[in-house]
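Q: I am new to this structure and would like to learn how to read it. Please take me through it one feature at a time.

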Amino acid sequence: MAVHFADLFLHPQDILFKLWKRLPFGSFKTRMDFDIFPRPHYAYCVWHAARQAELLRIPRISLVEFGVAGGNGLVELEKLAQEVEKEFPVEFEIYGFDSGMGLPAPQDYRDLPYIWKEGFFHMDLPALKARLARSTLVMGDVAETVPRFFEDYPDAAPIGAIFSDLDYYSSTRDSLGLLKAPDQKILPRVYLYFDDIMSAELGGLMCDEVGQLKAISEYNSSNEFKKLAPIHGMQYTRKRPARWNEQIYIHHSFSHNQYAMYVHSDSNRQLPLTNRGLNDGSAI
Ligand SMILES: C[S@@+](CC[C@H](N)C(=O)[O-])C[C@H]1O[C@@H](n2cnc3c(N)ncnc32)[C@H](O)[C@@H]1O
């Protein structure tokens, strides 16, 4: 555990959080709220997708990782799924999409060839299969596997969360085709994590014209009733604001037959007049 001398004075709480990560005690929700998981963004999406499924009375949902590489993300997803299944009456299926060959050749500048090359992030398939307990690997180029996914897996549960890490604009664009799923195959609001939309200095400098951000903006302009949107102000709702908060998007299916179903925990929400002005006017 690397502790810098300056941290002792400037950020003493960071040392406590590093220790907590080493000894991860507490409920799932508490550890999620304080970013104690190795991938807090995965924990957040899995938990919230399950919560939505419970409220909509959907007993089984799918978690999807686009871009598996060595498989560390999928292994973490399996651990999270096992824990969250104890929190909600919801079960998970887990799908990992990858070619198994590493990155394909970039198609053009939009695939950010200044930071990625063909063959990066190769998968050791036998080693990964030996580590996975319950995930389904969907092998092949997503341009081919995504359009036929619901034919190949007709019993797949509705999609609840997607972890998008294919790096390229072209691959992300093709993967987003999965969101065209019919209502019974997708939650009205799907949680997404986009791995490659923020990077400073020479590591990326992504903008709306390249990479995953380009795929997101194109998706939005070509679909009238399905949109990808960040959670505005999410960092202000977190106990420990972090950069991943800006990498979470919600896929809204506005015409979904359950989009308008009431899911708030309070069945009769009122804001009666108070005498002492204690109410801050927030009705969320
Ligand atoms: C950065 S890695 C994924 C890392 C992984 N999510 C993790 O957290 O460890 C990107 C992966 O995307 C895969 N990939 C990129 N474009 C693809 C495509 N068009 N079809 C299938 N897989 C693709 C590559 O094979 C590579 O393994």
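A: Start with helix α4, which is mostly covered, as 13 of its 16 residues are buried. Here buried means under 20% relative accessible area, exposed means over 50%, and partly exposed lies in between, with a 1.4 Å probe and protein chains only. Helices are DSSP runs of H or I with at least four residues, strands are runs of E with at least two, and both are numbered from the N terminus. The model is predicted, so local features need pLDDT of at least 70 and side-chain atom pairs count only at pLDDT 80 or more, while totals for chains, interfaces and linings use all residues. Residues are numbered from 1 along each chain as its sequence is written, and side-chain values use heavy atoms, with hydrogens and water left out.

Q: How far apart are the end C-alpha atoms of α5?

A: They are 18 Å apart, and the 13 residues of α5 should also span 18 Å, so the two values agree.

Q: Which residues of α5 are buried?

A: An α-helix has 3.6 residues a turn, so residues three or four places apart point the same way. In α5 the buried residues are Gly73, Leu74, Val75, Glu76, Leu77, Glu78, Leu80, Ala81 and Val84.

Q: What does Leu77 touch, not counting residues up to four places away in sequence?

A: Contact means heavy atoms within 4.5 Å. By that rule Leu77, in helix α5, touches Tyr42, Val46, Leu63, Glu65, Ile94 and Phe163. Its relative accessibility is 0%, so Leu77 counts as buried. Lys226 is 149 residues from Leu77 in sequence and 26 Å away in space, C-alpha to C-alpha.

Q: Is Glu76 buried or exposed?

A: Glu76 has 8% relative accessibility and therefore counts as buried. This residue also belongs to helix α5. Leaving aside neighbours within four places in sequence, Glu76 is in contact with Phe37, Pro38 and Arg39. Between Glu76 and Tyr153 there are 23 Å in space, C-alpha to C-alpha, and 77 residues in sequence.

Q: Which residues of helix α2 are buried?

A: In α2 (residues 12-22) they are Ile15, Phe17 and Trp20. What covers them includes α1 (5-10) and α3.

Q: Where is Asp35, and what is its phi?

A: Asp35 sits in the loop between α3 (28-33) and α4 (40-55). Its phi is positive, about 55 degrees, although Asp35 is not a glycine. With a relative accessible area of 6%, Asp35 is buried. Ala69 is another residue other than glycine with a positive phi, near 55 degrees; its place is the loop between β1 (60-66) and α5 (72-84).

Q: Is Pro147 buried or exposed?

A: Pro147 counts as exposed, because its relative accessibility is 59%. The loop that holds Pro147 runs between α7 (142-145) and α8 (149-152). Asp174 is 27 residues from Pro147 along the chain, and their C-alpha atoms are separated by 8.6 Å.

Q: How many helices and strands are there in the chain?

A: The chain has 10 helices and 7 strands. Of its 284 residues, 46% count as buried. Among contacts between residues at least 6 apart in sequence, 71% join residues at least 24 apart.

Q: What radius of gyration does the chain have?

A: The radius of gyration is taken over C-alpha atoms, and the globule rule is 2.2 Å times the number of residues to the power 0.38. A compact globule of 284 residues would have a value near 19 Å; the chain has 20 Å, which agrees. Along its principal axes the C-alpha trace spans about 65 × 55 × 40 Å.

Definitions and conventions
The expected span of a helix is 1.5 Å times one less than its number of residues.
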